[in-house]
Amino acid sequence: QMQLVESGGGLVQAGGSLRLSCAASGRTFRNRAMGWFRQAPGKEREFVGAISWSGGTRNYADSVKGRFTISRDNAKNTVYLQMNSLKAEDTAVYYCAEGWSTTESKYEYWGQGTQVTVSS
């Protein structure tokens with residue numbers, strides 16, 4: 001099993017930045033691709049981006065491309081989501097998960113989520 005704990009969420013003004021962290025424990029982290037999803041109030045959870053086990057390949061949703069960056073530190077068992085130029089529509093609970101897909105059902109382990117609120 002893998003345990004995932006997100007942190008770094010909060011309230012930020014539009015145009016600002018936040019960096020989310022996802023700390024992993026349990027299953028070997030360095031061999032696993034990792035993804036980020038988000039769920040806004042009243043909406044389904046949606047794919048944000050994913051990073052390969054080495055960090056060499058990344059994939060982003062069109063809605064965040066050019067503004068968000070996923071990175072990882074395998075020595076620290078942590079994956080990051082740097083969010084810049086935040087918009088009100090980025091307000092959501094953000095989740096990290098183990099896997100490599102744009103499809104939620106392909107991911108096995110999930111964190112509990114961290115709230116990001118962007119004020120306009």
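## Salt bridges and ring pairs in a predicted model

The side chain of Asp-62 makes a polar contact with the side chain of Lys-65 at 3.1 Å. (A polar contact is a pair of N or O atoms within 3.5 Å; within protein, one must be able to donate a hydrogen and the other to accept it, and residues adjacent in sequence count only if both atoms are side-chain atoms.) This is a predicted model, in which local features need pLDDT of at least 70 and side-chain atom pairs count only at pLDDT 80 or more, while totals for chains, interfaces and linings use all residues. Residues are numbered from 1 along each chain as its sequence is written, and side-chain values use heavy atoms, with hydrogens and water left out.

Asp-62 is found in the loop between S6 and S7; strands (E, at least two residues) and helices (H or I, at least four) are DSSP runs, numbered from the N terminus. At 66% relative accessibility, Asp-62 counts as exposed. Here buried means under 20% relative accessible area, exposed over 50%, and partly exposed in between, with a 1.4 Å probe and protein chains only.

Now to Arg-67, which also has its place in the loop between strand S6 (58-60) and strand S7 (68-73). Arg-67 is buried, with a relative accessible area of 11%. Its side chain reaches the backbone oxygen of Ser-85 at 3.0 Å. Not counting residues up to four places away in sequence, Arg-67 touches Gln-82, Met-83, Asn-84, Ser-85, Leu-86, Lys-87 and Asp-90, where contact means heavy atoms within 4.5 Å.

Let's follow the charges. The structure holds six salt bridges, each being a side-chain nitrogen of Lys or Arg within 4 Å of a carboxyl oxygen of Asp or Glu. Three of them are set out here:

| Salt bridge | N to O distance |
|---|---|
| Arg-38 and Asp-90 | 2.9 Å |
| Arg-45 and Glu-104 | 2.8 Å |
| Asp-90 and Arg-67 | 2.7 Å |

Asp-90 lies in the loop between S8 and S9 and Arg-67 in the loop between S6 and S7, so their pair ties together parts that are 23 residues apart in sequence. Arg-38, Glu-46, Arg-67 and Asp-90 are linked in a network of salt bridges. Arg-45 is partly exposed at 23%, and so is Glu-104 at 32%.

The rings come next. There are five aromatic pairs; rings of Phe, Tyr and Trp (its six-membered ring) pair if their centres lie within 6.5 Å, and planes under 30 degrees apart count as stacked, over 60 as edge-to-face and the rest as tilted. The rings of Phe-37 and Phe-47 have centres 5.6 Å apart and planes at 75°, so the pair is edge-to-face. Phe-37 sits in strand S4 (residues 34-39) and Phe-47 in strand S5, ten residues apart. Phe-37 is buried, with a relative accessible area of 1%. Phe-37 and Tyr-107 are also edge-to-face, because their ring centres are 4.9 Å apart and their planes at 80°. Tyr-107 is buried too, at 5%.

Ring pairs link Phe-37, Phe-47, Tyr-95, Tyr-107 and Trp-110 into a cluster. Which rings does Arg-45 lie over? Its charged end sits over the ring of Tyr-95, 4.6 Å from the centre, and Arg-45 lies over the face of Trp-110, at 3.9 Å from the ring centre. (A charge sits over a ring if NZ of Lys or CZ of Arg is within 6 Å of the ring centre and within 35 degrees of the ring normal.)
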